[in-house]
Amino acid sequence: MTDNQAPTPPLLSIFILSAAALAYEVLLIRLFSIVHWHHFAFMVISIALLGYGASGSLITVFRHWLLDNYDRVFIANILLFGLSSIVCFVIVQHLPFNTLEILWDSSQWQRLLLSYLLLMLPFFFVANGIVLTMMRFHQLIPQVYGIDLIGAGVGAVLVMVLLQIFSAETLLTLLAIGGLTAGLFALSNLGKRQKRLTVSLLVLCMFAVFLMPQKWLDLRLSEYKGLAQTLLIKDTSLRSSHSSPVSQTDVVQSPLVPFRHAPGLSLQSPTGPPEQLAVFRDGDEMTAIDHVTDHRSLEYYDYMSSALPYHVHRSPQDVLILASATGAQILQAHLYQIPSIDAVEPDKQLSLLITEQYADYYGWHNLKQKVTIHNISVRGFSAPEKNYDLVVMGPSGASSGGSAGVYALSTSYDYTVEALQSYLKQLAPDGLLSLTQWTSTPARGNLKLFAAAVAAMKQNGITHPENNITWIRSWNTATLLLKNSPFTDEEINRVRDFSLSRSFDLAWIPGIMPDEVNRFQLLQEPVFYLAAKSILKGEENGFIEEYKYDIQAATDNRPYFNNHFRWSSLKEFMSLPGQAGISMIGVGYPTLLITLAQAFVAAIVLILLPLSFMPADKKKVAGRRRNLIIYFLAIGLAFLFIEIAFIQKFTLILSQPLYAVAVALCAFLIFSGLGSLYVQRRMKDASMPIISVLLRRSVILIGLITVLYIVVLPLVSSTIMALPETVRIFSAFVLAAPLAFVMGMPFPLGMATLQQTSPNLIPWAWGINGCASVLSAVLAVLLAIEIGFNGVMFCAVMLYLVAWFANRDTINVEY
């Protein structure tokens, strides 16, 4: 660089660094899905934002020294990101953290916090580079911020493409090397000797990462996950494994101790299942592939509770199987010689197991002429030209942690009121909808499903649903039959005969008598019958409110079907002797609360506490900027509230949580970046009036568009869900664009205000915004469980209005 040449910001480095950081963030979400039971998307987002917020506070305290050494510090942070992204994950992998023990083992809290802080570090180093660049080139803040967001958005999409090619462990290495390459484009302001030294150091770090032993990166599944437990059995072997952006699928063989996966199999069954291969998704949710040698291999399916619809319907011809997984429900339909079967399975890899890789083992050659498999989401499938005699959904994969509540924070759109309404509409006259679920003690999920079924039937115009429902219970499953017309006496008698011959308990049939229930699998009280009776009589509010668990019907707005935590029962559970009460609470919701508490403490200590070390003159300035504190807190909370809400709404459209995270982050970051660049273009005169005008317009547009989306999204979602995957992804991307564009304006506008009034507080404002963002990622999920995602979005609109008034008052004071 010549003496008269002004230094330029390393925009390409910022772009690459931001892309690597967001790709790393999405990859962590995928890795959490495999290693633990849940993707913990909210926690990973909170971890990343904690790193960004802590960075702002550090730079506020050491601003002068860091800016004086900007070029070297920028390169150093790139190096630290590349190395820490690998090293921190390896360390976290070796921490003996177990989600299932978090309620009764305080050391698990400490390990969770340590994991939180370690995984924060790579994002902390990335943020250092970005914030210092904003400080160094403060006249170009919107441009730097825009490039940062666009790069991050590209990284969110890039990681999904790379996961199609590489395993998650390999991609971890590639992202670390990719982040290090950002340093090669930040050399323009260095001398020749410094350039050579820097390039040598970067290349050396790349080689160190590339040559890291693979065993260090091998994923260490929780010892309590089904796959980890199964592989401990003697002579058990892993036959095949496949990784994709959606799931990791492992097929296991156990010749010494045969698998016996037969949900709800009656003890009266004369035969058991044939030889089976176990299939695990992300190390859990076990299903099985049957070794079908002849028709007798399938006879045990007749003694499952899920066989009920085939005994009640006279002669089903067309059957729709939802979430067919590894084909157990297909084989059950084949047993009854159904001539036409449509099977819907969102995970294509599961379908390929039975149609290609293990086709001979499964007997696909006997099925392929009459079975059509549709790889689309359960909610997205529609066949307008065809109605079905039976629509069947079997139990999900068996989980070793399901009863402990590990899936309480997972959204499930397959069992919401709206979902059941759509399934009922696909029935032919006299058709049956059959839903089979695992049971639990105490009863939770099945009661929630029954409440949703009654609500769905009422919303579909069925005024007396008590005549359109039958419900039976085996020792570990319950099967619910729904019909658009009342059950006939003949059909009711078939339910009775089927249940009696297989020692299944009746939970509800039209005209049921109290002495008909709870006869075989004895419960302390017939809670299934009592719940059905209360809900069908219109007394659901009393029963649901008094029950020890949350069994309110799940909706698309509150899709937490597996969450049953209730605050009113907490005191009673905790008063039980020993750890009995703790085991009844479930770990999901408390884990969310613990994460929120730890995020709050970490944000205070790492973001706000360092600000107390500011020089006295800066504290005085900060005291006069109370409204700016409110401003950056409000927009930090609001932005993440809307982003988290859209991630969950896109989960419905795209059917896969990781796709939803990647597309939502990509859309919001890229279009927010474009919004920031728009601010840069409009602020050539950098005057306060233009800041006020742009902020007012952006807040008004955010409010209007958000309210519009709350109304419109439910109306268009069903149409989008039926489209091909690439079209759905593009549609979601476009849907987010207008709102994301205007949401990209308030932050750079606030920064522009500070640039003119208190430029020394720019990193401090970044820290305040980061603190709010850290909390909002977790708080949004907590609020959604209580008030729904529409409520979360309304809260965001209110927060943007608060920010607008706070900034307006500040501008009025200045002028």
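Pro442 sits in the loop between strand S9 (427-438) and helix H16 (445-459), where helices (H or I, at least four residues) and strands (E, at least two) are DSSP runs numbered from the N terminus. A cis peptide bond, with omega of about -5°, joins Thr441 to Pro442. The model is predicted, so local features need pLDDT of at least 70 and side-chain atom pairs count only at pLDDT 80 or more, while totals for chains, interfaces and linings use all residues. Residues are numbered from 1 along each chain as its sequence is written, and side-chain values use heavy atoms, with hydrogens and water left out.

**Backbone geometry**

- Most residues other than glycine have a negative phi, and most peptide bonds are trans.
- Ala323, not a glycine, has a positive phi of about 55°, and this residue lies in the loop between S5 and helix H12 (328-335).
- Ala323 counts as partly exposed at 30% relative accessibility; buried means under 20% relative accessible area, exposed over 50%, and partly exposed in between (1.4 Å probe, protein chains only).
- Ser503 also is not a glycine and has a positive phi, of about 60°.
- Ser503 is placed in the loop between H17 and S12 and counts as buried, at 16% relative accessibility.

**Salt bridges**

- A salt bridge is a side-chain nitrogen of Lys or Arg within 4 Å of a carboxyl oxygen of Asp or Glu, and by this rule the count is 15.
- Asp282 pairs with Arg30, their closest N and O atoms being 2.6 Å apart.
- Because Asp282 lies in the loop between strand S3 (276-281) and strand S4 (284-290) and Arg30 in helix H1, this pair ties together parts 252 residues apart in sequence.
- Both partners are buried: Asp282 has 13% relative accessibility and Arg30 has a relative accessible area of 3%.
- Arg314 and Glu490 form a salt bridge at 2.4 Å, N to O.
- Arg314 is in the loop between helix H11 (308-312) and strand S5 (318-322), and Glu490 is in helix H17 (residues 489-501), so that the pair links distant parts of the chain, 176 residues apart.
- Arg314 is exposed, with a relative accessible area of 64%, whereas Glu490 is partly exposed, at 37%.
- Helix H17 also holds Arg496, whose partner Glu516 lies in the loop between strand S12 (505-508) and helix H18 (527-536), so the pair ties together parts 20 residues apart in sequence.
- The N to O distance between the side chains of Arg496 and Glu516 is 2.7 Å.
- Arg496 is partly exposed at 25% relative accessibility, and Glu516 is buried at 15%.

**Cavities and pockets**

- On a 1 Å grid over the protein atoms alone, a cavity is a set of points where a 1.4 Å probe fits but cannot get out, and a pocket is an open set with protein on both sides within 12 Å along at least five of seven lines; lining residues have an atom within 4 Å of a point.
- The structure holds seven cavities of 30 Å³ or more.
- The largest cavity has a volume of about 500 Å³.
- Its lining has 26 residues, of which Leu49, Tyr145, Leu149, Phe639 and Leu669 lie nearest the centre.
- Elements giving two or more residues to this lining include helix H2 (41-61), helix H6 (141-163) and helix H25 (657-682).
- By class, the lining of the largest cavity has 18 nonpolar, five polar and three charged residues.
- The second largest pocket has a volume of about 620 Å³.
- Arg379, Glu418, Asp556, Ser718 and Met721 are the closest to the centre of this pocket among its 28 lining residues.
- Helix H26 gives the most to the lining of the second largest pocket, with five residues.
- The lining of that pocket divides into 12 nonpolar, 10 polar and six charged residues.

**Surface patch**

- Leu12, Leu184, Phe185, Val199, Val203, Phe207, Phe210 and Leu211 make a nonpolar surface patch of about 750 Å².
- Helix H8 (residues 192-210) supplies the largest share of the patch, four residues.
- Phe185 is in the loop between helix H7 (168-181) and H8, and is partly exposed with a relative accessible area of 43%.

Notes:
Patch = residues over 30% accessible without salt bridge, like charges linked within 9 Å, V, L, I, M, F, W, Y side chains within 5 Å. Areas by Shrake-Rupley, 256 points an atom, 1.4 Å probe, with all protein chains shown as cover. Points joined across faces, edges and corners; volume = space filled by probe spheres on them. Nonpolar A, V, L, I, M, F, W, Y, C, P; charged D, E, K, R; others polar.
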